[in-house]
Amino acid sequence: MPPASTPFSFVLETPAAPPEEARRHFLAKLSVETDSADLHLDLERGKPGIVVVDVRSPEAYAERHIPGALNLPARTLSESTTAHLNKQDVIITYCWSPGCNGSTKAAARLSALGFRVKELIGGIEYWVKEGFPTQGTAPQGQAVYPERPPR
């Protein structure tokens, strides 16, 4: 009876990075991203040096935003619209969800202007999914994207 062949692995098709290389990668990723739980805890504790920026439209901001967040739509970011921000602070950008790259574009613009920036992964969608409070006209806890019925 011939020996069974080992099945192909999609996971291992590209070998895992050596541990030190992987560590550098993940630390670099953490230097430009944060999540809702960490941000909420820092805001709740009143941690200084963090400024949250909602980069969506003024209408979306009015409907729902993270308490204390400033509204600076991504396309409006410039030296004049950010002159009131302190370059020693860390700016946390967010937009709608993981499917929105507005916060990534805003973070790139802000860093080009000399700001230290991190992006809130998951955006307002995951902030709400975590059960954290919001301000605006939308009811607390209401899903950002309502569930669609199956097709």
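Biologist: How much space lies in the largest cavity?
Modeller: About 30 Å³. This is a predicted model, where local features need pLDDT of at least 70, side-chain atom pairs count only at pLDDT 80 or more, and totals for chains, interfaces and linings use all residues. Residues are numbered from 1 along each chain as its sequence is written, and side-chain values use heavy atoms, with hydrogens and water left out.

Biologist: What counts as a cavity?
Modeller: On a 1 Å grid over the protein atoms alone, a set of points where a 1.4 Å probe fits but cannot get out. The volume is the space filled by probe spheres set on the points, which are joined across faces, edges and corners.

Biologist: How many cavities of 30 Å³ or more does a search of the whole structure find?
Modeller: One.

Biologist: Which residues line the largest cavity?
Modeller: Arg56, Ala60, Glu63, Arg64, Trp96 and Val144, where lining means having an atom within 4 Å of a point. By class, three of these cavity-lining residues are nonpolar, three are charged and none is polar. Asp, Glu, Lys and Arg count as charged, while Ala, Val, Leu, Ile, Met, Phe, Trp, Tyr, Cys and Pro are nonpolar and the others, Gly among them, polar.

Biologist: And how much space is in the largest pocket?
Modeller: About 200 Å³. A pocket is an open set of points with protein on both sides within 12 Å along at least five of seven lines.

Biologist: Which residues line the largest pocket?
Modeller: Among them are Val55, Arg56, Pro73, Arg75, Asn101, Lys105 and Arg109. The pocket lining has four charged, four polar and three nonpolar residues. Arg56 is in the lining of the largest pocket and also in that of the largest cavity.

Biologist: New topic. What order do the strands take in the sheet?
Modeller: The order is 1-5-4-2-3, in an open sheet of five strands with parallel pairing. Strands are DSSP runs (E, at least two residues), numbered from the N terminus, and two of them pair if DSSP finds at least two bridges.

Biologist: Which strands are at the edges?
Modeller: Strand 1 (33-34) and strand 3 (70-71), each pairing on one side only.

Biologist: Over how many bridges do strand 1 and strand 5 pair?
Modeller: Two, in the parallel sense, with strand 5 being residues 116-120. Thr34 stands opposite Leu120 there.

Biologist: What about strand 4 and strand 5?
Modeller: That parallel pair has four bridges, and Ile91 stands opposite Val117 in strand 5.
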